[in-house]
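Trainee: I would like a close look at one helix in this model. Please start there, and then take me through the other parts worth checking.

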Amino acid sequence: MSGFVIVVAVVLAALTGALFRGLAVAPRWPSGVRWLIGGVLGLGWVALLAGFAVQGGELDPKRFRWLAWLGMTWLAVWWYLLLGACVLGLVSLALRWRRRDLRPVLRVGSVVVAVVALGASAYGLGEAAMPAVSRVTVASADLPVGMEGTKVALVTDLHVGPIRDAGFTRRVVQAINAAEPDLVVLGGDLADGRVDQVGGALAPLAELRAPLGVVAVSGNHEYLSGQPEQWLSLWERLGITVLRNSSVVVGRGGAAFTVAGLTDPQGGRFGAAPDPGTALAGTDPAGFTLLVAHQPRQALDVQGRGVDLQLSGHTHGGQLWPFTYLVRLQQPMTAGRATIGDVPVLTSRGAGAWGPPVRVLAPPEIPLITLTRP
C-alpha cells in the first residue's frame with residue numbers, strides 16, 4: 001500500500017468517525033440504528049480505500065473496475081453527507097444556544113441529510129453518463145475568409161481507465177464523428193493510470209475523423225501518471241498529432257491558420273515545462289492563431305503574442321457542487337467563454353469525470369466551435 005493511500009485512509013477514517021458522531025451519536029438513535037449507520041459508513045470507508053487503490057494502480061483496473069466505480073461513487077455520497085452534517089452541526093449550535101431539545105431535530109435532520117446525499121449522487125451519476133455536444137460560434141477578424149465556417153471539436157478530461165473503459169471512449173468518438181468537425185482538439189487528461197494497465201481504454205480515438213486532423217496537448221494527469229512520454233507516444237500511434245510546445249498549420253483551398261499547443265505546467269517536473277515562445281515561434285501576428293493549453297490560467301503566459309483563441313479544460317466546471325466556487329481560487333474562469341487579459345478563452349467542462357463518475361450542476365460537454373468572421 002502506497003504512502004498516499006495510507007494518508008488518505010487515516011484522513012477518511014477520521015472524517016468518517018466525525019460523520020458517525022454527527023449522524024448517529026448526536027441524534028441519540030437506538031443502538032440498532034447506530035450499528036446500521038456505523039456499518040454503512042465503515043463499508044463505505046473500505047470501498048473508498050479500494051477505489052483509491054484502483055485509481056492509483058495498486059489494484060488492476062481491468063479486474064477491479066467495478067470496485068473503483070463503487071468506491072468512487074461512495075466518495076460523492078460521502079462528500080454530500082459531510083456537507084449535510086456540517087449544516088446540521090450549525091443548526092445544532094443555534095438550537096443549543098436557545099436551550100431547545102435537539103434530539104427530534106437532529107433525527108429528522110440526519111434522515112434528510114442521508115436522502116439528499118443519496119439523491120444528489122444518483123442525479124449526478126445520470127448527469128455524468130454521457131457528454132452532450134454544445135455548439136458555440138466564435139468570430140475573429142483575423143480568420144482567413146477561406147477558413148470561415150471551420151468546425152472545431154474540443155474534447156478534454158476524458159479520464160478513462162480506472163472506472164470508464166473503451167466503451168465510453170467509443171461513445172464519445174461516435175458523438176464527435178456524428179458532428180462532422182473539420183478539426184478535433186484533445187485538451188489533455190485523457191486517461192488516469194499507467195499505459196500498460198489502462199492504455200487500451202483510449203484505442204477508439206484512432207477512429208476519430210476530421211479532414212484537418214486531430215491534435216492534442218498534455219494535461220496534468222499525463223504527468224501525474226509518471227509516464228507522460230509513454231502516454232503521448234501512445235496518442236501518436238493512434239494517429240494524433242501531439243503538440244509539445246509546438247505548432248502546425250491547418251488549411252484548405254489555399255487558406256490556413258496556425259494551431260499551437262502548450263504542455264501542462266506539471267511538465268516542468270519532466271523537463272517539459274510550457275514554453276510559449278517556442279510554441280508560438282513563427283506565427284503570423286496578422287493571421288489567426290488557435291492555442292491549445294490544458295489550463296485556462298495558461299492564457300496569462302501568452303499575453304501580447306497574438307493568440308486569437310485559447311481552448312482549455314481542466315476545471316471540470318467544478319464537477320461536484322460547490323467545488324464550482326473553489327475552482328475560481330486556482331483558475332481565472334470555470335467554464336464557458338471569457339477574455340483573460342488580451343486572450344479570448346473557451347474552457348470546456350470536460351467530457352468525463354475524475355474520481356467519482358458523478359457530476360452535480362456541471363454537466364459534461366463536447367464543445368463544437370464554429371469559427372467565423374465578424
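Mentor: Start with helix α3, residues 61-97, in this predicted model. Helix α3 has 37 residues. From its first C-alpha to its last, α3 reaches 50 Å. At 1.5 Å a residue, 54 Å would be expected, and the span is close to that. Then look at the N-terminal end. Asp60 caps α3 there. A side-chain oxygen of Asp60 lies 3.1 Å from the backbone nitrogen of Lys62.

Next, step back along the chain to helix α2. Helix α2 covers residues 31-55, which makes 25 residues. Its C-alpha span, first to last, is 36 Å, close to the 36 Å expected at 1.5 Å a residue. Which residues of α2 are buried? They are Ile37, Leu41, Gly44, Ala47, Leu48, Leu49, Ala50, Gly51, Phe52, Ala53, Val54 and Gln55.

Most residues other than glycine have a negative phi, and most peptide bonds are trans. Take Asp157, in the loop between β2 and α5. Asp157 is not a glycine, yet its phi is positive, near 55 degrees. Is Asp157 buried or exposed? Its relative accessibility is 0%, so Asp157 counts as buried. Now take Asp189, in the loop between β3 (183-186) and α6. Asp189 is not a glycine either, and its phi is positive, about 55 degrees. Asp189 counts as buried because its relative accessibility is 2%. From Trp321 to Pro322 the bond is cis, with omega near 10 degrees. Pro322 sits in the loop between β9 (309-312) and α10 (323-327).

Trp321 also takes part in a surface feature. Together with Tyr123, Tyr325 and Leu361, Trp321 forms a nonpolar patch on the surface. The four share about 480 Å² of accessible area. Look at Leu361 in that patch. Leu361 lies in the loop between β11 (343-347) and β12 (365-372). Its relative accessible area is 55%, and the cut-off for exposed is over 50%, so Leu361 is exposed.

Another proline deserves a look. Pro144 is in the loop between β1 (132-139) and β2 (151-155). With a relative accessibility of 22%, Pro144 counts as partly exposed. What is the C-alpha to C-alpha distance between Pro144 and Gly287? The two are 7.5 Å apart in space, while 143 residues separate them in sequence.

Now for the charged side chains. Side chains of opposite charge can pair when their charged atoms come close. The whole structure holds 6 salt bridges. Here are some of them.

One joins Glu207 and Arg170, at 4.0 Å from N to O. This pair links distant parts of the chain, 37 residues apart. Glu207 is in the loop between α6 (195-198) and β4 (214-216), and Arg170 is in helix α5 (residues 166-179). How accessible are the two partners? Glu207 is partly exposed, with a relative accessible area of 34%. Arg170 is partly exposed, with a relative accessible area of 34%.

Another salt bridge joins Asp196 and Arg194. Their closest N and O atoms are 3.3 Å apart. Asp196 counts as exposed, at 52% relative accessibility. Arg194 is partly exposed, at 33%.

Glu236 pairs with Arg244 in a further salt bridge, and here the closest N and O atoms are 2.8 Å apart. Glu236 has 37% relative accessibility and counts as partly exposed. Arg244 has 29% and also counts as partly exposed.

Conventions:
Residues numbered from 1 in each chain as written. Predicted model: local features only at pLDDT ≥ 70, side-chain atom pairs only at ≥ 80, totals over all residues. Heavy atoms only, no water. Patch = residues over 30% accessible without salt bridge, like charges linked within 9 Å, V, L, I, M, F, W, Y side chains within 5 Å. Areas by Shrake-Rupley, 256 points an atom, 1.4 Å probe, with all protein chains shown as cover. Salt bridge = Lys/Arg side-chain N within 4 Å of Asp/Glu carboxyl O. Helix = DSSP H or I, 4+ residues; strand = E, 2+ residues; numbered from the N terminus. Buried < 20%, exposed > 50% of the residue type's maximum accessible area, 1.4 Å probe, protein only. Expected span 1.5 Å × (residues − 1). Polar contact = N/O pair within 3.5 Å; in protein donor to acceptor, adjacent residues only side chain to side chain.
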